[in-house]
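User: I would like to learn how to read the features of a structure. Please take me through them in turn, with the general idea and then the case at hand.

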Amino acid sequence: MIASVAGRVASVAPDGAVIEVGGVGILAHCTPGTLATLRVGEQARLATSLVVREESLTLYGFAGDDERAVFEMLQTASGVGPKLALAMLAVHTPNALRVAVAAADLKALTRVPGIGQKGAQRIVLELKGRLGTPEEAVNAAIGGERRAALWREQVHSGLVGLGYSGKDADEAVAGVAPEAEADLAAGRQPQVAALLKAALRSLSVR
């Protein structure tokens with residue numbers, strides 16, 4: 001498997017980029033977010049996933065290892081191939097997808113072209129608990145002493161990633177703050193997934 005490519009960016013197109021590696025131009029299909037980080041003529045590194053089919057070998061490139069891992073996990077759901085998995089990551093960040101699946105937010109999933117109501121239900125059923133939870137992503141990235149202070153940021157960014165405005169996200173965070181503060185007062189780590197569900201419920205009834 002080709003786990004990554006690094007080299008000079010030879011070209012950038014709407015659906016991918018060519019990276020020169022050892023005199024060979026390698027085409028990697030990428031999300032718009034990843035493409036926005038690339039500059040022609042500059043050095044770049046992409047985490048990659050090689051999809052092998054009878055008639056083709058297609059390389060997909062990502063800004064980081066987490067995005068690649070989510071891309072590969074998405075494809076374990078029935079009916080989700082590499083193109084649809086890439087489309088999901090073009091609409092939502094990896095953590096926003098974790099939020100949507102953990103909260104069974106079908107509305108967020110159906111924002112992705114090619115995913116209908118039944119498809120969204122199937123994705124939630126098959127991937128819930130397998131993509132990882134938002135708080136697990138935080139715990140893997142930061143030390144324990146900072147976790148208690150980050151629940152607001154995680155809930156807010158999750159809501160914005162799902163398409164809500166910053167103002168709506170601020171109000172929803174304020175609404176679930178008493179629950180989080182009660183956890184902290186009791187010496188418990190606020191559960192981001194539960195807080196996000198509560199915030200989403202408050203936004204859905206407005």
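**Reading salt bridges, helix packing and cores**

Analyst: By the rule used for such pairs, the count comes to 4 salt bridges. The model is predicted.

User: What is the general idea behind such pairs?

Analyst: Side chains of opposite charge can pair when their charged atoms come close. One of the cases here is R8 with E20, whose side chains meet at 3.0 Å, N to O. This pair joins distant parts of the chain, as R8 lies in strand β1 (residues 4-13) and E20 in strand β2 (residues 16-21), 12 residues apart.

User: Are R8 and E20 buried, exposed or partly exposed?

Analyst: Relative accessibility decides, with buried meaning under 20% and exposed over 50%. R8 has 32%, so R8 counts as partly exposed. E20 has a relative accessible area of 34% and is therefore partly exposed.

User: Which residue forms a salt bridge with D66?

Analyst: The partner of D66 is R98, and their closest N and O atoms are 2.5 Å apart. This pair too links distant parts of the chain: D66 belongs to helix α2 and R98 to helix α4, 32 residues apart. D66 is partly exposed because its relative accessibility is 38%. R98, with a relative accessible area of 8%, is buried.

User: And which residue pairs with E181?

Analyst: E181 forms a salt bridge with R152, with 3.4 Å between the closest N and O atoms. Here helix α10 (residues 166-185) supplies E181 and helix α9 (residues 151-161) supplies R152, and the two residues are 29 apart in a link between distant parts of the chain. E181 is partly exposed at 42% relative accessible area, and R152 counts as partly exposed at 37%.

User: How should I read the packing of two helices?

Analyst: Two packed helices are described by the angle between their axes and the distance between the axes. For helix α2 (residues 65-74) and α4, the axes come within 9 Å and cross at roughly 40°. D66, E67, V70 and L74 of α2 make the contact with P94, L97 and R98 of α4. By type, the residues of this contact are 4 nonpolar, no polar and 3 charged.

User: Which way do residues along a helix point?

Analyst: An α-helix has 3.6 residues a turn, so residues three or four places apart point the same way. In this structure, the α2 side of the contact with α4 includes D66, V70 and L74.

User: How many of the residues of helix α4 are buried?

Analyst: Helix α4 (residues 94-102) is mostly covered, with 8 of its 9 residues buried. The buried ones are P94, A96, L97, R98, V99, A100, V101 and A102. Just after α4, A104 has a positive phi of about 50°.

User: Which residues touch the most other members of the largest nonpolar core?

Analyst: They are L74, M88, V155 and L159, in a core of 46 residues. Helix α11 (residues 192-204) gives the largest share of this core, 7 residues. Apart from this core lies another, of 11 residues, including V9, I19, C30 and L46.

User: What does V155 touch, leaving out residues up to four places away in sequence?

Analyst: V155 touches V173, V192, L195, L196 and A199.

User: What is the picture for the protein chain as a whole?

Analyst: The protein chain has 11 helices and 5 strands. Of its 206 residues, 42% count as buried. Among contacts with a separation of 6 or more, residues 24 or more positions apart account for 53%.

Note on methods. Residues are numbered from 1 along each chain as its sequence is written. This is a predicted model: local features need pLDDT of at least 70, side-chain atom pairs count only at pLDDT 80 or more; totals for chains, interfaces and linings use all residues. Side-chain values use heavy atoms; hydrogens and water are left out. A nonpolar core is a set of buried Ala, Val, Leu, Ile, Met, Phe, Trp, Tyr and Cys residues joined through side-chain atoms within 4.5 Å. Buried means under 20% relative accessible area, exposed over 50%, partly exposed in between (1.4 Å probe, protein chains only). Helices (H or I, at least four residues) and strands (E, at least two) are DSSP runs, numbered from the N terminus. Contact means heavy atoms within 4.5 Å. Axes are lines fitted to C-alpha atoms, for helices over the stretch in contact, and angles run from 0 to 180 degrees between N-to-C directions. Ala, Val, Leu, Ile, Met, Phe, Trp, Tyr, Cys and Pro count as nonpolar, Asp, Glu, Lys and Arg as charged, and the others, Gly among them, as polar.
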